[in-house]
Amino acid sequence: MAAIRLENVTKRFGSIAALDGVSLEVGDGEFFAVLGPPGAGKTTLLRTIVGLERPEGGDVYVDGERVTGVYPGDRDIAIMFQNLALYPDKTVYNNLAFPLRQRKTPKDEIARRVEQTAQTLHIGHLLKRKPAKLSGGERQRVALGRVLVRAPKAFLLDEPLSALDALLRLEMRAELKRLQRDLGRTLVYVTHDQVEAMTMPERVAVLREGVVQQVDTPENVYHRPSNQFVATVVGSPPMNFIQCRVGVRNGVLRLHHDLFDVEVAAKGLSLRQTLSEGTRCLLGVRPEDVHVEPGGSAGVPATVYVTEPLGGETVVDLRLGDHLVKSLAPPTLQLRQDERVGIRLDPRRLHVFTQDGEAVVSAAGEDLFAVAATVPAS
Amino acid sequence: MAEIRLENLTKDFGGLVAVADLNLVVDDGAFIALLGPSGCGKTTTMNMISGLETPTSGEIYFDDQPVSRVEPGRRNVGFVFQNYAIFTHMRVYDNLAFGLRVRKPRPEKAEIDGEVKRVAEIVGVSRILDRRAGRLSVNDMQKVALGRSMIVNPAIFLLDEPFSNLDAAFRAYMRAELKRIQSEVGQTMVYVTHDQVEAMSMADRIAVMNLGVLQQYGTPGEIYDAPENRFVAGFVGSTQMNFVPAALVPLGLRGGVNGRSLTVGIRPESIRIVDAGAPEATIGARVTLVEPLGAKDVVHLAFDEYDVRAIGTPGERPRIGENVGLALDPGRVHMFDDETGKVVR
Amino acid sequence: MLQAWPKRIGRWLAILLLGGCFGFPLYWTLTMAFKPEDEWNPPGKVFWWPGHWTVSNFTNILGIQGETSIFATGRSKSALTPIEHSLIAAGLGTLLALAVGVFAAYGIARFRAGGRMLPFQILQLRMFPPIAIIIPLLFMWVYLGLWDTLQGLIILYAAVTFPFVVWLMRSFFQEVPREVSEAAIVDGCTQWGAFFKAVLPQAKGGLAATALFVFILNWSDFLIALVMTQDHAKTAPVYLQSLQSGASGQEYGNQAALAMILIMPPAIFGLAIQRYLVRGLTFGAIKR
């Protein structure tokens, strides 16, 4: 039985649909992430699950029970807000104890659970302090503790790490993942940070303007994105998209670009149905699958637009005809601006999208394509 | 186009020393980044360069002219802030032209027009010159803000985390664009950020700061491959460097230990995962966690009581709990003195 | 940095002038309160400082000692009762205004109760100068039997200051992020529980400031009490005005003494809640 299920949920604010027919299932004990840019509806989604927003259409189920009209306090779901919303006038102890006191938990039980939660999160020494006297990371933990202490059926976390500085964020990421595994409880995690969405959950849902784009494991979202938006949202630097024309020559389906051709192998014959001759399509290739060969004698001709050394690797921006393409190169490669190079696209990692952005096929390691330069690089 | 020189620059906020005795030279036309965590003094330093703060002691020179007593408006510096200061009720054209129109004497209309079009082309807003600035997307607003500060041709550009409000894809785009613009226009640029990726990708040299003190000033390559202390080593690098006590790592340390307690630092990408008994394995460890990043994996391993991270290829992913060997590239090992944090060569 | 001389002199002059304007009435009243009758307003002379210090004015108005002057008939002999009336009317009026206004303010701030225009409509109540409607109110009050009663006064004070409570508390409640009350709800509180346990403690400072402000307004009211009271519910400001007689004209000294006494309740109230006020002013322990 799914711990949380949304069936065709729609939530409007005025004329704007923050959630539009969203259907999702989160498994019991699953670490589930919702990824999307600001304004996608992620916070609205969490608030609807916990009951702070009432959907205009559709239903929310917790453990199989319909909870759509049920008061938030009765749903046995805890939410951690993006701005933490600690009770500033109460000590850390009382912040953690508050939800238990509301449920008329006996005093010694409260003490036990608060102590335990504080230990787990390493805030045991802060119990007598008030939120104003805590650092950002400590406040984060208290907010997390307030959610944990209730031991609810599911936790909802709204961008819990977004306000932390880089080092603290790394620490907390690993800690959260370990915590969820140890506790074994359902966790729905909302973020706009694609690294978090890739590394932490078992499955991720990509949300855009209230519509679910794809729900899958992070791997599949990365290697088999269902549309251009999903392909852009995961992966840093983001995927490159190159305009091509579909053509047939000598009975072979081809994707034409001025500077190169992509031949579709026999395995990909089924593509003929979706790609008709003469139409335009988008070829998607991630920067790490674009390989730079200096000297420009082999591969597709391009010029270096700018280089961004990141230490462990270098991002090279290349001008490919009238496109700007990013590629990842090893740090040892020294390139000058406006230098001519040749680039090689890894055919096993190409993606094809229709002009509207819908995915047609992702090679995902298979030998579906072969790339050949049409103009010899010189 | 000016050289900036900071000499013994100090800012003391009544007990809280935000910047301590900073000495820095920014070459004419260079793009440098002030990098560090919040509270390190980077914003205060930039405020002193711009004139919004007066130094407690020390001096700032633009092309050998001391400027710490000069008002901000007279220093000929351009700003770009985090919250893109543009006039939302004006058109993009008027936003860009504003800086020129308020000049005395006011330039000719044709001259203003030429400049506006030139800058619009550089930042990429030529097609939306007639739109009301309030109606633009966040990304376009930031381009307009950049253009507004460029058009008055300041000698020095100061940018304070201008891209932190933009979405990730656009940020990546703007980084490349800004770098390209700077190399074409040639203005001295000082860029403040806490994001080491930004600093590394754009700057010619990076000044890493912590708690008001300059930690290291060098090219991205130097900062990354030859960090001078443990802070710099740990702060820069997308996946953080691993730090393990030297005593635990059998590496035949050159020069001996001299009775000092040392820590070994090695970047995850300099560690190769091999079979447990293989001859090239320097140490053994147990896999605890695998974080898939798409193009690569970050593999967490338990070594003694330490968490070590290595980069793995998605195709050869080890299982959790598996005991493996780690081959450390001796050429890429750094050693830090535990007491001072400084690197030991 | 040294500024030009003329600038500094000019600044000091301005400060002295303003300070003098504000400080002088206080100084004058204070000294007047301790002057004996012959020094109040002697022809041709001004006593800048009491020649003979005396507390007779205080004892006079409080009716402790016997009468020393010819009093106008019908005036009660002691200020104690009017002071008592003032305390009750202003105190309970303030409480009533707060009781109704605070909840109204929360409903408006949190739930947009009454629509977007309600806050402005409430403010409009105060755009009427009370003097414009005091006569019709008088007829109403007489008809209702509320004229010259403390109840009538309390209701009126509450009604007149209610808009201020709503406007002030509304902005204080708006400062409390809605997630704090939502967290309380998710933690299991009802809306009322969330209000009392999560939101109100946050707005303590604002509540204190509002209470003091409203109390001062009611305490110093003259017009309403003048029209609406006579013998039974007369308040201290009205009584003060009646301190005059055929023989001595305005009894300045007595008036000054009463004025000094009347300063005390608001001052004491303010001091008592001072620590809440400071916290209310430095509000903002919210994460950005």
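Before you click anything, one term: a residue is buried when its relative accessible area is under 20%, and a salt bridge needs a side-chain nitrogen of Lys or Arg within 4 Å of a carboxyl oxygen of Asp or Glu. Also keep in mind that this is a predicted model.

**Stop 1: a charge without a bridge.** Select B:Glu291, in strand β14 (residues 283-292) of chain B. B:Glu291 is buried but has no salt bridge.

**Stop 2: zoom out to the chains.**

**Stop 3: chain A by itself.** Hide the rest and look for 9 helices and 22 strands. The C-alpha trace spans about 80 × 45 × 35 Å along its principal axes. Chain A has 378 residues, and 56% of them count as buried. Color by charge and you'll find 47 positive and 47 negative side chains, with the centres of the two sets 6 Å apart.

**Stop 4: a bridge between chains.** Over all chains, the structure holds 39 salt bridges. Select A:Arg47 and C:Glu182, whose side chains meet in one of them (2.6 Å, N to O). The pair crosses from helix α1 (residues 42-50) of chain A to helix α7 (residues 178-186) of chain C. Buried or exposed? A:Arg47 is buried because its relative accessible area is 10%, and C:Glu182 counts as buried at 6%.

**Stop 5: a bridge inside chain B.** Pick B:Arg91 and B:Asp94, which form a salt bridge with their closest N and O atoms 3.1 Å apart. B:Arg91 is partly exposed at 30%, while B:Asp94, at 16%, is buried. Then jump back to the previous stop's pair: salt bridges with shared partners link A:Lys11, A:Arg47, A:Glu53, A:Glu56 and C:Glu182 into one network.

**Last stop: the surface.** Select A:Arg129, A:Lys130, A:Lys133, C:Lys204 and C:Arg275, which form a positive surface patch. Of these, C:Lys204 sits in helix α9 (residues 204-219) of chain C and is partly exposed, at 35%.

How values were computed. Residues are numbered from 1 along each chain as its sequence is written. Chains are lettered from A and ligands numbered from 1 in the order in which they are written. This is a predicted model: local features need pLDDT of at least 70, side-chain atom pairs count only at pLDDT 80 or more; totals for chains, interfaces and linings use all residues. Side-chain values use heavy atoms; hydrogens and water are left out. Patches are made of residues with over 30% relative accessible area and no salt bridge: like charges are joined within 9 Å, nonpolar side chains (Val, Leu, Ile, Met, Phe, Trp, Tyr) within 5 Å. Accessible areas come from the Shrake-Rupley method with a 1.4 Å probe; for residues, only the protein chains shown count as cover. Lys and Arg count as positive and Asp and Glu as negative; His and the chain ends are not counted. The place of a charge is taken as NZ of Lys, CZ of Arg, CG of Asp or CD of Glu. Helices (H or I, at least four residues) and strands (E, at least two) are DSSP runs, numbered from the N terminus. Buried means under 20% relative accessible area, exposed over 50%, partly exposed in between (1.4 Å probe, protein chains only).
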